[in-house]
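Let's take a friendly walk through this chain, from its surface to its fold and its domains. Please keep the viewer open as you read.

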Amino acid sequence: MQLFHNPASPYCRKVDVLLHETGHFGDVEPLPAGGHPTATGADANMPVAHNPLGKIPTLLRPDGPALYDSRVICRYLDTLYDAGLYPDHRLWEVLTLEATADGVMEAAVLMVYEGRSRPAELRHEAWVDAQWLKVTRALDVIEARWMSHLAGKLDMGHIAVACALGYLDFRHGERDWRTGRAALASWFATFEERPSMIATSPEQV
Ligand code: BEZ
């Protein structure tokens, strides 16, 4: 299999962490893809021939059409490897936690794109602030309601939350998401020591 991939993308990192956690990292060849918001075409090796949205991650598999987005790819790989990262008995919780973490990523990535694609005089600070508000609201809910879930057996919710927090450290470190969220900060301090997280850190790739 081949994966259109950028090591800075938290969505791609979800896939990478899943592959490491299941011992299948070597099954997928990364195809380097651009990370600029306007880089949606073949010039930046974006997967437009396989994904009309031109987004990463996009997975090319031998036995069917390309798969996207990260939630679909992770669900597919979980089924392929019988990994149990979407356990039936708490499926809706896992999917909701994963969606919450993906929403944090989306807002955090949009903030980066705003800075990358607009000259300073055209920046829309209220819009950036609104994205950050989504991030902080989601983290407050995770801190208040999801810590017992995160204390349980590894599932895709854990991986998604960890990749979202890793991205906040990577691109928005100065905003200090840890203040006022001691339980989540402590959980992440432990989780980011997992070999799968160390191997996929955007800081070192
Ligand atoms: C980044 O550079 O932050 C980035 C790159 C690709 C996808 C998402 C984010």
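Accessible areas here come from the Shrake-Rupley method with a 1.4 Å probe. On that basis, the chain exposes about 9900 Å², and carbon and sulfur atoms supply 54% of this area. Bear in mind that the model is a predicted one. Of the 205 residues in the chain, 47% count as buried.

Now for the fold. The chain has eight helices and four strands. Read from the N terminus, its elements follow the order β-α-β-β-β-α-α-α-α-α-α-α. The radius of gyration is 17 Å, close to the 17 Å that the globule rule gives for 205 residues, so the chain is as compact as a globular protein of that length. Along the principal axes, its C-alpha atoms fill a box of roughly 45 × 45 × 30 Å. If we take the contacts between residues at least 6 apart in sequence, 66% of them join residues at least 24 apart.

How is the chain divided into domains? The domain assignment gives two entries, domain 1 and domain 2, with the bounds listed here.

The C-alpha centres of domain 1 and domain 2 lie 19 Å apart.

Finally, a look at the charges. The chain carries 19 positive and 27 negative charges, and the mean positions of these two sets are 4 Å apart.

Notes: Residues numbered from 1 in each chain as written. Predicted model: local features only at pLDDT ≥ 70, side-chain atom pairs only at ≥ 80, totals over all residues. Heavy atoms only, no water. Helix = DSSP H or I, 4+ residues; strand = E, 2+ residues; numbered from the N terminus. Rg over C-alpha atoms; globule rule 2.2 N^0.38 Å. Buried < 20%, exposed > 50% of the residue type's maximum accessible area, 1.4 Å probe, protein only. Contact = heavy atoms within 4.5 Å. Lys, Arg positive; Asp, Glu negative; His and termini not counted. Charge placed at Lys NZ, Arg CZ, Asp CG, Glu CD. Domains from an automatic or database assignment.
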